[in-house]
Amino acid sequence: YGFINTCLKSLVVEKYGEETWEKLRLQAGVQDSFLTFEVYKDEITMQLVDKACKILGVPADRVLREFGEYFFEFCKRSGYDHMLRTLGGNLYEFIENLDALHSYLSLSYQATLGLFVFPQEMNAPSFRVEKNEDGSMHLHYYSDRRGLCHIVPGIISAAALDFFNIEISMEIVNQTEEEERTGKKEHIVFLVTQTPVFSYKERNEFSSSPQNLADSEKQIENQLNKEDLEKNKNTIRDRGSSVCPAKKSHWKTIRGIITLGKGKLLRGFDPVYPKSLWIDTKTFCNGLPFHMVFDKELRVKQAGVSIQKIVPGLQTMGICLDHYFSIVHPEVPFTISSIQKFINSQFVFQTRREMMPESWKHRPMLELRGQMIWMESLQCMLYLCSPLLRTLHELEERQMHIADIAPHDVTRDLILLNQQRLAEMELSNQLERKKEELRILSKHLEEEKKKTEALLYAMLPQHVANQLKEGKRVEAGEFKECTILFSDVVTFTSICAQCEPIQIVLMLNSMYLQFDRLTTVHDVYKVETIGDAYMVVGGVPVPVPTHAERVANFALGMIIAATGVQNPVSGNPIQIRVGIHTGPVLAGVVGEKMPRYCLFGDTVNIASRMESHGVPSKIHLSSSTYQCLKYKNFEMTERGEIEVKGKGKMHTYFLIRNKTATENEIMGRP
């Protein structure tokens, strides 16, 4: 189920971060999120665990144990806390009832979703626990899935500490192919030893304090194993006879005198049985309509009326039970010894089609679920059971009715309640799917938004674009000093006359892609391109004191980059002219339909004149730019006075190179 994979994702994200999860899922080749009740392939979970071991550099047993501990907490946070707490009063009872929990959840979800990991088409893990004389336990773990046994110590340890305030150690003492069960299953035997969190001395000191005496009752209930108390308790009775009590230790005395309710002794209860059974056979078979009694040879001795009605063969006393039923869970051979070994498990029987009446030919087979009780005095087994039905639809499929189930049997209520539960669950699944669809759409929307913003920021300065997005008016700004660059292609008009338009587009695109990359390298702002003209500015829209150096380095990079662009006419590298001027400008956004960030002022005109009066493959500088670069490690040569259109005579210079920067640094190469 997606619940398992969602838990694994939550663990990785919470402990190692989103980046680790993203790396893990990409290597495993799985999606980013999982629907809680959706069934996923078993390989997905195995792949995630395998890749987690490799990425984190942690052994598989440690990863699985950590996952087990986290999965227990994840189940509690997901609403299973109360359900888990009520499984048993001690660790033995808790483990003993795990199979019952799986069975209940299978009714709720139509496919088993339990405390441990397994997919829909496979049987749930099964548990059998044995108590040892020294207080330890042997936990038998059966599973169709290999290699996941180390999850068990993680979950059981977390449950023992949280629910029963005890620390446990678990070690594998045997690992074999299962022989007790039908089908090949992994069978792991764990030795479980328990240690209360508080030592005996601490508990004794705590309980001996008068003010803590009332609270000690809860400590005793939580920390002492019930079976251990039964073995060591001193029975207290008040039946008129006088018995001289043996000397008791302080701790035994406390155990004996604590009471619950009004005068009812906590550890002093002994049941009272009648001398004879006050119920006749007919009433018993009608009151428990789905029970069966069979002996060691599986011969049927007694059966409830409803099961007789469904399986008429049971009316013939002495017939063999395994002729009419097969055991679905636990997967054990149909023998009395196998049943006795798993007697604490819930048993699910299924009718055999070949032994059913003709009317059942096209119906699904009936399943019964219940408990086995061994009657030592009669050497017989009692199977107390009910029909295993989840919904009204399943009831109708078998042409059964609510009336066929005894009024005291909660299966009646469970079918009706589960009908509503399944409807709510389907609604929850739909909501979860819609939520996942919205998450994916939101993710795609965010990606498209980033693309749109990248395009917008390519057209306008980021702070200007953000103001326009917010609907604000962008005021024009005055910049007291900036450096502007213009460039164009030498003989561009002649080239256009001799080439196809597509060749011109390809040439300019090749050149401008390199120039655009250089704007990022040297942090200058590209204002616009018109035909073969390329315009950038340094110090606008963000004023910086190094605007002239940035533009100068950018210009040197342009000359180098141009040598890599081929003239489509001659086949030789193209030549460009570059002109640079430094001075004040006014900058602002012009237009609404296609807004552009434009520069205004005489500085723009002079920079354009520096380019138009320049020399091929040279960088032409005005005197103001020269003054800015004079002491900045740039090599420059004087051109002298030239006549500039509209400006008269101007003293200009050529930029040769940067004395301290290499060509790779200028070009932004590694």
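Visitor: Two strands count as paired if DSSP finds at least two bridges between them; so what stands opposite His329 in β10?

Guide: In this predicted model, the residue opposite His329 is Val348 of β10. The two strands involved, β9 and β10 (residues 347-351), run antiparallel and are joined by 4 bridges.

Visitor: And what's the strand order of the sheet?

Guide: The order is β8-β7-β12-β11-β10-β9, in an open sheet of 6 strands with antiparallel pairing. At the edges stand β8 (300-303) and β9 (325-329), each of which has a single partner strand, so one side of each lacks a neighbour in the sheet. From one strand to the next, the twist averages 30°.

Visitor: Switching topic: at what angle do α1 and α2 cross?

Guide: The axes of helix α1 (residues 2-16) and helix α2 (residues 18-28) cross at roughly 140° and come within 7 Å. The two helices are therefore oblique to each other, since angles have to be over 145 degrees to count as roughly antiparallel.

Visitor: Which residues make that contact?

Guide: From α1 they are Lys9, Val12, Val13 and Tyr16, and from α2 they are Glu18, Thr20, Trp21 and Leu24. By class, this contact has 5 nonpolar, 1 polar and 2 charged residues.

Visitor: One more: is Lys76 buried or exposed?

Guide: Lys76, which is found in helix α4 (residues 60-85), is buried, because its relative accessible area is 16% and buried means under 20%.

Visitor: What is Lys76 in contact with, leaving aside its neighbours within four places in sequence?

Guide: On that basis Lys76 is in contact with Asp81, Arg85 and Asp162, and a polar contact of 2.3 Å joins the side chains of Lys76 and Asp162.

Terms used. Residues are numbered from 1 along each chain as its sequence is written. This is a predicted model: local features need pLDDT of at least 70, side-chain atom pairs count only at pLDDT 80 or more; totals for chains, interfaces and linings use all residues. Side-chain values use heavy atoms; hydrogens and water are left out. Axes are lines fitted to C-alpha atoms, for helices over the stretch in contact, and angles run from 0 to 180 degrees between N-to-C directions. Angles under 35 degrees count as roughly parallel, over 145 as roughly antiparallel, 65 to 115 as roughly perpendicular and the rest as oblique. Contact means heavy atoms within 4.5 Å. Ala, Val, Leu, Ile, Met, Phe, Trp, Tyr, Cys and Pro count as nonpolar, Asp, Glu, Lys and Arg as charged, and the others, Gly among them, as polar. Buried means under 20% relative accessible area, exposed over 50%, partly exposed in between (1.4 Å probe, protein chains only). A polar contact is a pair of N or O atoms within 3.5 Å; within protein, one must be able to donate a hydrogen and the other to accept it, and residues adjacent in sequence count only if both atoms are side-chain atoms. Two strands pair if DSSP finds at least two bridges between them.
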